[in-house]
Amino acid sequence: MSGRTEGGAVERCISAIRPFPGLVASLAFPSTPAFAHASDRGHVLLLPTGYYVVGGALAVAASFLVLALLPPDSLDRFWRKRLPLFTFGDGARTAVSLVSFAGFAILIAAGLFGSRDPLSNPLPLTVWTLLWVGLALLQGLAGDLWSWLNPWYGPCRVASRLSGRTQPNLLPQRLGYWPAFLLFFAFAWFELIDPAPDDPARLAWAAGAYWLLTFAAMQVVGYRDWSLRGEFLTVFFSMVAHFAIVERNEDGRLKLCWPGAKLLGGSPLPLSGIAFLLLALSSVSFDGLSKTFFWLGWFGINPLEFPGRTALIGIGSFGLVLSFAVLAAVFALAVFLGQHLAGSNHSLGHAAGLLAWSIVPIALAYRFAHYLTALLVDDQYAIAALSDPFALGWNLFGTADMSIQAGVVAGAGSAWWLWNLQAGVIIGGHMLAVLVAHGLAWRLHAIPARAALSQFPLTVLMIAYTVLGLWLLATPSAG
């Protein structure tokens, strides 16, 4: 059970259930440092993962074969189906954004002057659990909620009205998404490598400085340009929202659509956009890999004597870059081979920019599976902490004294349903990615046979990533 105590320590009790051949039946770890945003697994699920791996790989492969035999027009009709809902205007967007900014300012103050315990202070719990995990998943389900909650939109509108000038659009097009990519990489480094990313004061200074930097950039180059290509949260949430089942037209009309349907209408991404999506996937994968016995053993580190994050800054930085570089190289190779097999006249950049949208379902699936146990427990801590943000004995929402139910991730029964849910989401995410990739391939190749042939190498990559994802869920981890 992943049970955190005052000061951020976690005591892991690792259960072994029907162990995979070659692995020990059970392991017990002493207390090790924990982080409020970390994806501490409730169990190292030593299930018969060979069956799941084979089954997952076969499911993804079967989806490719079925799609290769389907006529393109039938799948096109499937993607185009919409269910009209109602019209939803933007009249209150500025007010909601200002409220969001006020809440952000309170959280920064709580980080600086509230409790130093990351499980009692609402700032790290809000940033790492409610925002970076919870909102990202909601964004992928319900659409662009971030455009309303964005804490810069309202202040920029107010600043524009007070100054009486329209904001310029000065960000050169040739920069693409590179500013957002670099900021995203810095954020990923802070989240995964920094020794104490959930220390309330440390996080408050980092988040406050980022807000000021972003606000200044929006005043210089314009809100729209910087938010669409420079502010990494907006770029990430915007890309994720393409997967959502809710579609909103320019006139504000809401419609229901199939998951991933909007991805097929996406424009080809530039190299910087491809790199951004690949980083979104590789950083989550590395977060899981960096805690495994395999990774630590590769550098001669005994996982039973985990030295802490400070001692692993160099190794972690290397791994974060390496995981991105390997994924980028393999993705580029898969697209190149697919285009070569299909005899395509499209450039590699154009094909990769279009097919990169198929990464979104996988990135969302990994985010859900990887952070599920942390989300189930830490959101309870967040609800309690928000009632008393400054640790002054307040009970603003009546939840300050709520009992934290950590049992949801404890026990053999929880291990069974958690594992099956995580494995099912990873497999389903890859199957949806194959489905989206086929739809995108038909935009590149008019002949269905060539479109299917072009997807063979990419499908092999997705099968391999399915295997990796299931292995990361099941393999023993430390730290």
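# Close-up views of a predicted model

**View 1. R229 and its surroundings.** The side chain of R229 comes within 2.8 Å of the backbone oxygen of L171. Such a polar contact is a pair of N or O atoms within 3.5 Å; within protein, one must be able to donate a hydrogen and the other to accept it, and residues adjacent in sequence count only if both atoms are side-chain atoms. This is a predicted model, in which local features need pLDDT of at least 70 and side-chain atom pairs count only at pLDDT 80 or more, while totals for chains, interfaces and linings use all residues. Residues are numbered from 1 along each chain as its sequence is written, and side-chain values use heavy atoms, with hydrogens and water left out. R229 sits in helix α9 (residues 223-229). Helices (H or I, at least four residues) are DSSP runs, numbered from the N terminus. R229 has a relative accessible area of 10% and is buried. Buried means under 20% relative accessible area, with a 1.4 Å probe and protein chains only. Beyond residues up to four places away in sequence, R229 touches L171, P172, Q173, G176, Y177, P179, A180 and V235. Contact means heavy atoms within 4.5 Å.

**View 2. Q380 in helix α15.** Helix α15 (residues 359-387) holds Q380. Q380 is buried, at 11% relative accessible area. Its side chain reaches the backbone nitrogen of Q405 at 2.7 Å. Setting aside residues up to four places away in sequence, Q380 touches M402, S403, I404 and Q405.

**View 3. F276 in the largest nonpolar core.** The largest nonpolar core has 92 residues, and F276 and F331 touch the most other members. A nonpolar core is a set of buried Ala, Val, Leu, Ile, Met, Phe, Trp, Tyr and Cys residues joined through side-chain atoms within 4.5 Å. Leaving out neighbours within four places in sequence, F276 contacts A180, F181, F184, F232, V235, F236 and M239. Another core, of 11 residues, lies apart from it; L296, I301, F306 and A478 are among its members.

**View 4. The largest cavity and its lining.** The largest cavity holds about 220 Å³ of space. Of its 17 lining residues, L192, S290, F306, R309 and L312 are the closest to its centre. Helices α11 (271-289), α12 (293-298) and α13 (313-342) each supply at least two lining residues. The largest share, three residues, comes from α13. The count is nine cavities of 30 Å³ or more. On a 1 Å grid over the protein atoms alone, a cavity is a set of points where a 1.4 Å probe fits but cannot get out; lining residues have an atom within 4 Å of a point. Grid points are joined across faces, edges and corners, and a volume is the space filled by probe spheres set on the points.

**View 5. Helix α6 and its packing.** In α6 (residues 153-163), Y153, G154, P155 and C156 are buried. The buried residues of α6 pack against α3 (93-113), α8 and α9. G164 follows α6, with a positive phi near 75°. M218 lies in α8 (residues 200-221). M218 is buried, at 0% relative accessibility.

**View 6. Cysteines C156 and C257.** C156 is buried, at 2% relative accessible area. C257 is buried too, at 9%. The whole structure has zero disulfides, a disulfide being a pair of cysteine sulfur atoms within 2.5 Å.

Technical notes
Buried means under 20% relative accessible area, exposed over 50%, partly exposed in between (1.4 Å probe, protein chains only). On a 1 Å grid over the protein atoms alone, a cavity is a set of points where a 1.4 Å probe fits but cannot get out, and a pocket is an open set with protein on both sides within 12 Å along at least five of seven lines; lining residues have an atom within 4 Å of a point.
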